[in-house]
Structures are given as structure tokens and as C-alpha cells.
2 protein chains.
Amino acid sequence: MTIRSQLLKGILDACVMAIVEEQAIYGYELSQKLQKAGLPDISDGTIYPVLLRLQKNGFIRSEMRPSDSGPNRKYYFLTDNGTEELERIAKEWMLIASPVSNLLKRGENNAKHKTINQ
Amino acid sequence: MTIRSQLLKGILDACVMAIVEEQAIYGYELSQKLQKAGLPDISDGTIYPVLLRLQKNGFIRSEMRPSDSGPNRKYYFLTDNGTEELERIAKEWMLIASPVSNLLKRGENNAKHKTINQ
DNA sequence: AAACGCTATCTTGTATTACAAAGTAATGGG
DNA sequence: CCCATTACTTTGTAATACAAGATAGCGTTT
């Protein structure tokens, strides 16, 4: 498993909900949106389970619609519960991301750090 | 499992390494450092497995030292491999954290977003 | 029509890891 | 001697990103 996989844990659901909130979207298009948003190479084997999970939990709902070119598409919409959940996760994210980013900046020049214990 | 648990996945190792890089430290003290850094309530059931994993992978090494009050302490140091790994994870973190934060900002006012599909 | 490529979705299995829970052990104070 | 505190370890569980594979509709080319 890659580092990236681990970093995405838990936050991918919120990313998907954030995109669905902006506009109703179907799975295949979603992976392209994620790519544009700066999260490339999220495979459909990842995305569809996320969508199913979100729907099962009542955070999104779906609606089949025909396509001009190709098989039917399942469009997803954010529910009210989904909006609440998204807000909750977004808050938690900020709470975690901020201190982590600070820690990982590591004071720019680490050669300086020679503590008593070293 | 909480949202927070998921968000911490994969990044906790790097946080621990970042702290160990600053100064040699033992497990018990580490949880207090994490607290101060803005990551409270990381239990020892989480921290010690992290330390064991990092050591097994050669990213940190340890050294027993007597304590003035209580049992001996196992101090941890970052290895050269650890420094490299930390840098790798830090880069990946920035790559993920930035687009995620953007997505989760959700354009401040979402009431406006009424697309054709809604 | 047969073959192909693209669009689109779903399912199964695996590896990883935060955390709870429980246990072990050393020290010093009462 | 008991107990609190410090300090470390082990075991088990739940959650989830992803690979891999299966299914199927549509248009274009052969």
C-alpha cells in the first residue's frame, strides 16, 4: 500500500461529497473531476465503493439518467444529512491538517537542531 | 471508528518522525509532545505500535536510558533512512493536503450553486 | 455482423493501521 | 506492603484505498 493511499483514508469521502455538492455528477465523471481538483489516479475501484458507502449512509442519493453516448449514468446528489456530514468532516480535517502541516515543515533547517539528548 | 482516526492514517508516522527528528524522545513523552503540537488524545495503544513499526522499518533506532523517577526509558532517534522517509511523506502530504483543503472550503456560499442538473 | 474501443458500473479480496483493551514491570511515597 | 505513576508491549477489531476482474451499452471500423 502506498503512502498516498493512507493519506487519502477518510478524507476521500468528503472530497467526493464536496464535488457532488457543487453539481450532480456520475461516477465516471467524478474521477475526472478529482483529477482536475489535484487528486489524480483515483481509480473506479476506489470511487464506486465510496459512492455506494455514501449512499448506504444516506449522505447522497442517486438517479439513473440516459446518456447520449454510452450506457446509462447514475447521477448523485447530496442529501441534507450529507451536507451536515461534509461540514463535520471539513471541520475535523482543518483541525488535523493544520498541526500536521506545521510539524512536517520541520523548521526549514534541521541541521541546527542539536539538543542535549542527541 | 471515528473520522479522526481515519484522517490520522498514514500521517501519524511522519508526525512522530518529525518530533523525533527535533529531539531524542521516549514514548511516554511523545504523546505529550503530540498534544502540544495540536494532536491531542493519541493513546499509548497507538503510539507504541507506531514506534515499533518505525523501528522495524529502520526509520528510527532506540537506546535505553535510566530515569530519575520510574522505569527505564527507551529513547528514539531518527536514522538517515528515517530522514529520507520523512521527507518523502512530507512531500506527499503537501501534494494531498493542498487540493483537499481547497475542495473542503467549498466556495464559502453554497446556496448559490444551482446547476442545471439540480 | 463481427470486432474493437470507449463509456460506465459493480464486486471481491487484500493490505494497512488507529485504537481499545489488557497485561507487564519498575519506581517511590505513604 | 500497597498504591499511584511512569513506561512499554501485545492482541484483536473496524475501516477503507486499491487492484483486479466482471458486466454491459454504444458507436465506428472492418
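A residue is taken as near a strand if one of its heavy atoms lies within 4 Å of it. In this predicted model, α4(A) gives the most to the surface near DNA strand D, with four residues. That surface also draws at least two residues each from other elements, including α1 (3-8) and α2 (12-22) of chain A and α3 (27-36) and β3 (73-78) of chain B. Around DNA strand D there are 30 residues, of which A:Gly10, B:Tyr28, B:Tyr48, B:Arg73 and B:Lys74 come nearest.

DNA strand C is surrounded by 31 residues, the closest being A:Tyr28, A:Tyr48, A:Arg73, A:Lys74 and B:Lys9.

Of the atoms within 4 Å of the protein, sugar or phosphate accounts for 69% in DNA strand C and for 73% in DNA strand D.

| Protein atom | DNA strand | Distance |
|---|---|---|
| B:Gly10, backbone N or O | DNA strand C, phosphate oxygen | 2.9 Å |
| B:Ser43, polar side-chain atom | DNA strand C, phosphate oxygen | 3.5 Å |
| A:Gly10, polar backbone atom | DNA strand D, phosphate oxygen | 2.9 Å |
| B:Lys74, backbone N or O | DNA strand D, phosphate oxygen | 2.5 Å |

Helix α5 (residues 80-105) of chain A has 26 residues and should span 38 Å at 1.5 Å a residue, which agrees with the 37 Å between its end C-alpha atoms. Just after α5(A), A:Arg106 adopts a positive phi of about 50 degrees.

Notes: Residues are numbered from 1 along each chain as its sequence is written. Chains are lettered from A and ligands numbered from 1 in the order in which they are written. This is a predicted model: local features need pLDDT of at least 70, side-chain atom pairs count only at pLDDT 80 or more; totals for chains, interfaces and linings use all residues. Side-chain values use heavy atoms; hydrogens and water are left out. The expected span of a helix is 1.5 Å times one less than its number of residues. A polar contact is a pair of N or O atoms within 3.5 Å; within protein, one must be able to donate a hydrogen and the other to accept it, and residues adjacent in sequence count only if both atoms are side-chain atoms.
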